[in-house]
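Please consult the sequence and the structure alongside the text.

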Amino acid sequence: MKRRISLDCDGVIADVESFFIEYYKDYFGNSVPQDFIQACYNGKLEKYVQKENIDFNIIKDFFKEYEADLFLSLPKLQIISGAKEGIKEITRKGIEIIVNSYRPSKYMDITQDTEKITEDWFERNGIYVPIHLAENKQEKCNNIKDEIYYCHVDDDPIILKQLPISRIKPILLNSHYKQPEEKYLQFHSWTGLTEFLTGKKNV
Ligand SMILES: [Mg+2]
């Protein structure tokens, strides 16, 4: 049987991190401190704010605007370096790729056709793979569980935790800013991920 793999979109194919870094710079007028990104990713924002003596309301307002603008900016997201080439190489090896992601069609009071936006985005970036789009995290996990995949690649360890590990190999594409998750096979870039998935390198 053809080997089939599942990929997340945001954080694995679409570059949300660069959007965040640029958004922070536009909003505050200075580059985002590395400690701030690390604190966001690792659930230590409250500690960071206390340590730096920052008014937490300023950060709350920032995230409220950021999340709404990210939702509206989905068509403008850049592609993660190496993703397009990696997907091509994996497909060339005869491995089937399906994107399993979630992008709600409504955020706060804003509604969008996220399915159409996502399909157009993939086409514009020259990636032609089937996309299964869910409305929320739970639905996404169920979509993955319902199919037979060799692995699922995600940047969110919470999603990986919810998968039936005996059947689907969980792989973490982890940002440099995030703490390592020893539990999962992880890569920091598409180079290593592609080598592993195409069988060039065993881990
Ligand atoms: Mg993601």
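Two strands count as paired if DSSP finds at least two bridges between them, and helices (H or I, at least four residues) and strands (E, at least two) are DSSP runs numbered from the N terminus. The model is predicted: local features need pLDDT of at least 70, side-chain atom pairs count only at pLDDT 80 or more, and totals for chains, interfaces and linings use all residues. Residues are numbered from 1 along each chain as its sequence is written.

**Sheet**

- An open sheet is formed by 6 strands in the order E7-E4-E1-E8-E9-E10, with parallel pairing.
- Strand E7 (131-134) and E10 are the edge strands, each pairing on one side only.
- From one strand to the next, the twist averages 25 degrees; axes are lines fitted to C-alpha atoms, for helices over the stretch in contact, and angles run from 0 to 180 degrees between N-to-C directions.

- Strand E4 (residues 96-102) pairs with E1 in the parallel sense over 4 bridges, and Ile98 in E4 stands opposite Ser6.
- Strand E1 (residues 4-7) is joined to strand E8 (residues 151-154) by 3 bridges, and the two run parallel; Ser6 has His152 in E8 as its bridge partner.
- E8 also pairs with strand E9 (residues 169-173), in the parallel sense and over 4 bridges, where His152 stands opposite Pro170 of E9.

**Helix H9**

- Helix H9 (residues 190-197) has Trp190, Leu193, Thr194 and Leu197 buried, a residue being buried if 20 or more other C-beta atoms, placed from the backbone, lie within 10 Å of its own.
- Viewed down the axis of H9, these buried residues fall within an arc of 95 degrees, so they line one face of the helix; the arc is that of the directions from the helix axis to the C-beta atoms.
- An α-helix has 3.6 residues a turn, so residues three or four places apart point the same way.
- E1, helix H5 (83-92), E8, E9 and strand E10 (185-187) are the elements against which the buried residues of H9 pack, contact requiring C-beta atoms, placed from the backbone, within 7 Å.

**Domains**

- The domain assignment, which is automatic or from a database, gives domain 1 (4-14 + 78-197) and domain 2 (17-75).
- Taken over C-alpha atoms, the centres of domain 1 and domain 2 are separated by 23 Å.
- Domain 1 contributes 13 residues to the contact and domain 2 contributes 11 residues.
- Helix H6 (residues 114-124) supplies the largest share of the domain 1 side, 4 residues.

Key. Contact = placed C-beta atoms within 7 Å. Buried ≥ 20, exposed ≤ 12 C-beta atoms within 10 Å, placed from the backbone.
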